[in-house]
Amino acid sequence: MSTMQTNFTPHRQRARRDWDALCILLEGILGMIIAMGIGRFSFTPILPLMQRDLGISNSIAGWLAGFNYLGYLAGAVLCFIVPRLMRTRYVTISSLFLSIATTVTMGLTLSVFFWGILRLISGIVSAILFITISAEVGEALSRRGYSHWLGSLYGGVGAGIALSGFTIPWLDRIGQWDGAWIGMGVLAAILVIFGSTITTRKTADFKFTPEQKHQSQSLRILWPLIVAYFFEGLGYIVTATFIVAIVAMTPGLEDYAAYVWVVVGIAAVPSTVVWPLLSRRIGNKNCLLAAYALQFSGILVSMYADTVIEITFTAITFGGTFLGIVALTLAEGSFRMKHDGRKSAAILTASFGVGQILGPILAGFLADLQESFALPLILASTCIMIGWIFTLIDRNFISQ
């Protein structure tokens, strides 16, 4: 009997580790759905509803998006300057609450000024949650020997995008643009409640291990990666902000506009697993070059897309690459700065954030200037190509 118990004990311990790791990953995915997929990116499918019902211009839409990304940059810088933010569960819980509250409140006011403030706050907390959840889940999985699961975490962003794209048309039928904002906030609150019931693990599972003292590493090894990531942030965000509005303005595709965001989300979910797996075979550099090229091709097609097939190709190539580029870039930064992984994540996210601020503001201005999205899409494709070039000339990749 004792021999049988001894044989079964390792199996039970392994099963327990599997379950703990899965619960950690699921909680992180739910956090990404709430903070990024809903709190941050639900603006994209709701924007055409606001333009339809309230007549807001592309320039105003660009500034609102810019305020959100300014907040995202501020949150990233805050995590860089005050790293203790990433070690306090109170900050995580408060950020989740603010993400939900700002989403709901967007539907309770008609003031452009207050919309800007709300999107700014939403951006701050989404950056804090993105960096904190990434670090918490990454360290927790690593302690259990499941660090290879981390790429799946970012699939939560794609799942949130797909969820918002599918849900918002129904909410629009019930309560128009304001009902969509309020409904998405309520949905986020439900997901928080659901997430709290997944497991009864001790809060210690989510706490960071004490920092070890290491010699500070130079950021010089990151600079080409930082520049490429900046242009990716500037280029991709044009599509992320306006893709639904672009489709809504295309004759014959109006009914498809809301669901193009669903396609983006569905394509994004597996991308955070597929690209890292592919990188093990061909290297991070080759994967990033392929992802940039694929995203560039999708933007080129979107310039003249007037059929469901063409716009679906754009949605798939966009959704299937932007989170993959995020996962690969953050992983490469962590590889290069082994003892300052959180520092590299914060500086790369800040660089990305600067690009995201400029992208929608410039795109909105150009769209109103020309009364079309041709110039914004040219801007986006040019930025993606520059990102590809800086990746090509970067000689610091550990895995070519």
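Reader: Which residues do ring pairs link into a cluster?
Author: The cluster joined by ring pairs consists of Phe41, Tyr229, Tyr236, Trp261, Phe318, Phe322 and Phe352. Rings of Phe, Tyr and Trp (its six-membered ring) form a pair if their centres lie within 6.5 Å; planes under 30 degrees apart count as stacked, over 60 as edge-to-face and the rest as tilted. This is a predicted model, in which local features need pLDDT of at least 70 and side-chain atom pairs count only at pLDDT 80 or more, while totals for chains, interfaces and linings use all residues. Residues are numbered from 1 along each chain as its sequence is written, and side-chain values use heavy atoms, with hydrogens and water left out.

Reader: How many aromatic pairs are found in the whole structure?
Author: The search of the whole structure gives 15 aromatic pairs. In one of them, tyrosine 229 and phenylalanine 352 are stacked, because their ring centres are 4.4 Å apart and their planes are at 25°.

Reader: Is tyrosine 229 buried or exposed?
Author: Tyrosine 229 is buried, with a relative accessible area of 3%. Phenylalanine 352 is buried too, at 5% relative accessibility. Buried means under 20% relative accessible area, exposed over 50%, and partly exposed in between (1.4 Å probe, protein chains only).

Reader: What about the rings of tyrosine 236 and phenylalanine 318?
Author: Their centres are 6.1 Å apart and their planes are at 20°, so this pair is stacked. The pair links distant parts of the chain, with tyrosine 236 in helix α8 and phenylalanine 318 in helix α11 (residues 308-336), 82 residues apart. Tyrosine 236 is buried at 1% relative accessibility, and phenylalanine 318 is buried at 4%.

Reader: Changing topic, which residue lies over the face of tyrosine 72?
Author: Arginine 40 lies there, at 4.0 Å from the ring centre. Arginine 173 lies over the face of tryptophan 170, at 4.8 Å from the ring centre. A charge sits over a ring if NZ of Lys or CZ of Arg is within 6 Å of the ring centre and within 35 degrees of the ring normal.

Reader: And what is the phi of glutamine 176?
Author: Glutamine 176 has a positive phi of about 60°, although this residue is not a glycine. Glutamine 176 belongs to helix α7 (residues 155-196) and is partly exposed, at 45% relative accessible area.

Key: Helices (H or I, at least four residues) and strands (E, at least two) are DSSP runs, numbered from the N terminus.
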